[in-house]
Amino acid sequence: MAALKYAGLEDTDSEEELPPGWEERTTKDGWVYYANHLEEKTQWEHPKSGKRKRVAGDLPYGWEQETDENGQVYFVDHINKRTTYLDPRLAFTVEDNPVKPTTRQKYDGNSTAMEILQGRDLSGKVAIITGANSGIGFETAKSLALHGACVILACRSPARGEAAVQRILEEWHKAKVEAMTLDLASLQSVQHFAEAFKSKNLPLHMLICNAAVFGAPWSLTEDGLESTFQVNHLGHFYLVQLLEDVLRQSSPARVVVVSSESHRFTEIKDSSGKLDFSLLSPSKKEYWAMLAYNRSKLCNILFSNELNRRLSPHGVTSNSVHPGNMMYSSIHRSWWLYTLLFTLARPFTKSMVSACLKIFCASSFFRIGAEEL
């Protein structure tokens with residue numbers, strides 16, 4: 001009993017009564033957590049009972065949930081014209097005792113992005129996602145934004161980028177989303193994008209290199225390089241280099257590079273075992289679309305591994321991820337035959353939202369823990 005008293009947990013009239021200095025709060029998703037103002041820490045479990053809880057039901061009529069400039073959730077009572085940080089539903093909580101996830105936890109093809117993010121509050125986190133106007137990029141951007149993150153949709157087409165922003169805002173009008181122009185086929189465009197982002201003076205916690213082309217006919221970019229190589233790899237390589245200082249300043253931060261299992265079916269070395277640069281940006285005569293894609297994905301993985309080796313001591317980690325075989329997205333649009341193959345394979349492949357979970361699992365910001373709030 002003396003130990004309980006010393007810890008501020010002496011007996012009260014109810015095990016649900018909070019000790020002095022503690023406060024009950026809720027996340028956007030309705031999960032209850034507890035703030036210890038004396039020790040300046042938070043936790044999911046009630047400090048006395050050890051129970052986890054979540055609020056039940058919708059907000060009362062006339063109430064609305066808002067987020068302040070510090071990312072803290074508060075509530076507006078429009079009828080009585082008052083605001084409070086206390087969730088009016090806290091009187092109607094239900095007990096929740098989930099099994100704590102471990103590093104051995106498995107997800108399958110039916111898991112969704114929203115399941116991975118359930119209960120997470122990403123307020124204050126900033127993410128850049130390339131190729132975010134469609135496919136995996138869009139689903140990733142939407143899921144992050146709906147959980148409070150500020151998301152930059154880096155898109156080649158300004159019109160498609162703005163359309164994607166509006167689709168997210170239709171689901172939650174307070175989502176913090178913005179489209180910015182980024183054409184990975186132009187190193188000048190990459191530089192302009194990085195400069196424009198830095199001018200916003202925002203941190204950067206997640207840089208998700210997702211954009212890619214597949215099955216494209218041979219062509220050269222304005223920089224004189226083969227398009228698949230530059231869009232899939234070199235453009236992202238340059239983008240990360242330009243934003244490296246922001247990532248370091250925002251640590252802990254994470255770079256996620258979307259690669260592919262197809263990296264296994266190619267080689268970028270010559271017969272003597274040295275890197276063959278002519279294979280990376282081949283001439284039209286030596287070009288085959290599938291091999292060009294495979295090589296670019298191999299470059300993604302090699303880059304991510306080396307980036308992690310160099311930056312992880314500075315709080316910036318990097319992971320490459322395979323989202324799934326023959327994901328049905330717009331990546332196959334370059335040739336009708338690829339579209340046919342992807343269409344035939346669609347019933348046997350993952351949905352777009354389930355593919356996003358691999359990207360989320362590659363990021364360290366989705367751990368269950370109130371310290372991430």
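Buried, as used in these legends, means under 20% relative accessible area and exposed over 50%, with partly exposed covering the values in between.

**View 1. A salt bridge joins Asp245 and Lys198 in the predicted model**. The side chains of these two residues, Asp245 and Lys198, meet at 3.3 Å, taken from N to O. Asp245 belongs to helix α6 (residues 227-249) and Lys198 to helix α5 (residues 187-198), so the pair ties together parts that are 47 residues apart in sequence. Lys198 has a relative accessibility of 33% and therefore counts as partly exposed, and Asp245, at 35%, also falls in the partly exposed class.

**View 2. Arg89 and Asp87 form a salt bridge between buried residues**. The N to O distance between the side chains of Arg89 and Asp87 is 2.9 Å. Arg89 is buried, with a relative accessible area of 11%, and Asp87 is likewise buried, its relative accessible area being 2%.

**View 3. Lys41 pairs with Glu39 in a salt bridge**. The side chains of Lys41 and Glu39 meet at 3.3 Å, N to O.

**View 4. Glu64, Glu66 and Lys174 are linked in a network**. In this close-up, salt bridges connect the residues Glu64, Glu66 and Lys174 into a network. As a setting for these views, a search of the whole structure finds 14 salt bridges, and side chains of opposite charge can pair in general when their charged atoms come close.

Methods
Residues are numbered from 1 along each chain as its sequence is written. This is a predicted model: local features need pLDDT of at least 70, side-chain atom pairs count only at pLDDT 80 or more; totals for chains, interfaces and linings use all residues. Side-chain values use heavy atoms; hydrogens and water are left out. A salt bridge is a side-chain nitrogen of Lys or Arg within 4 Å of a carboxyl oxygen of Asp or Glu. Buried means under 20% relative accessible area, exposed over 50%, partly exposed in between (1.4 Å probe, protein chains only). Helices (H or I, at least four residues) and strands (E, at least two) are DSSP runs, numbered from the N terminus.
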